[in-house]
Amino acid sequence: MEQVPDLPDDDSWMYTQRQAIGARIRAERRRQQLTQDEVWIAAGLTRWTYQRAEYGEDIKLSTLQRIARVLGVPLAELAAVE
């Protein structure tokens with residue numbers, strides 16, 4: 001039976017992963033030469049909610065799903081963690 005790994009003593013690892021997700025969202029948007037406005041409007045989000053995603057703040061899975069759909073990339077590609 002495999003041992004379940006312990007979490008680190010603090011939550012900084014989550015912040016680092018969210019920052020990476022936000023950077024992938026921003027990079028894909030820029031690669032497609034889209035503005036933030038174009039993406040948040042098409043995704044049915046508020047500007048604030050979309051910006052929080054790009055800045056790597058805590059957001060809902062449904063927000064990531066909307067953004068992935070608008071950008072035409074698999075959710076797993078945006079949310080991949082290392």
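**A tour of the charged and polar pairs**

Search the whole structure and five salt bridges turn up; a salt bridge here is a side-chain nitrogen of Lys or Arg within 4 Å of a carboxyl oxygen of Asp or Glu. Side chains of opposite charge can pair when their charged atoms come close. Keep in mind that this is a predicted model, where local features need pLDDT of at least 70 and side-chain atom pairs count only at pLDDT 80 or more, while totals for chains, interfaces and linings use all residues. Residues are numbered from 1 along each chain as its sequence is written, and side-chain values use heavy atoms, with hydrogens and water left out.

**Stop one: Glu-54 and Arg-26**

Select Glu-54 and Arg-26. They form a salt bridge whose closest N and O atoms are 3.9 Å apart. This pair links distant parts of the chain: Glu-54 sits in helix 3 (residues 47-54) and Arg-26 in helix 1 (residues 12-31), 28 residues apart. Helices are DSSP runs of H or I with at least four residues, numbered from the N terminus.

Is Glu-54 buried or exposed? Glu-54 is buried, at a relative accessible area of 2%, whereas Arg-26 is partly exposed at 22%. (Buried means under 20% relative accessible area, exposed over 50%, and partly exposed in between, using a 1.4 Å probe and protein chains only.)

**Stop two: along helix 1**

Now pick Arg-31 and Glu-28. Both belong to helix 1, three residues apart, which is about one turn of the helix. Arg-31 counts as exposed, with 59% relative accessibility, but Glu-28 is buried at 9%.

**Stop three: Glu-57 and Arg-52**

Click on Glu-57 next. Its salt bridge partner is Arg-52, and the closest N and O atoms are 3.0 Å apart. Glu-57 is partly exposed, with a relative accessible area of 37%.

**Stop four: two polar contacts**

Head to Gln-36, in helix 2 (residues 36-42). Its side chain makes a polar contact of 3.2 Å with the side chain of Gln-51. (A polar contact is a pair of N or O atoms within 3.5 Å; within protein, one must be able to donate a hydrogen and the other to accept it, and residues adjacent in sequence count only if both atoms are side-chain atoms.)

Last, select Thr-49 in helix 3. Thr-49 is buried, at 19% relative accessible area, and a polar contact of 2.8 Å joins its side chain to that of Thr-46.
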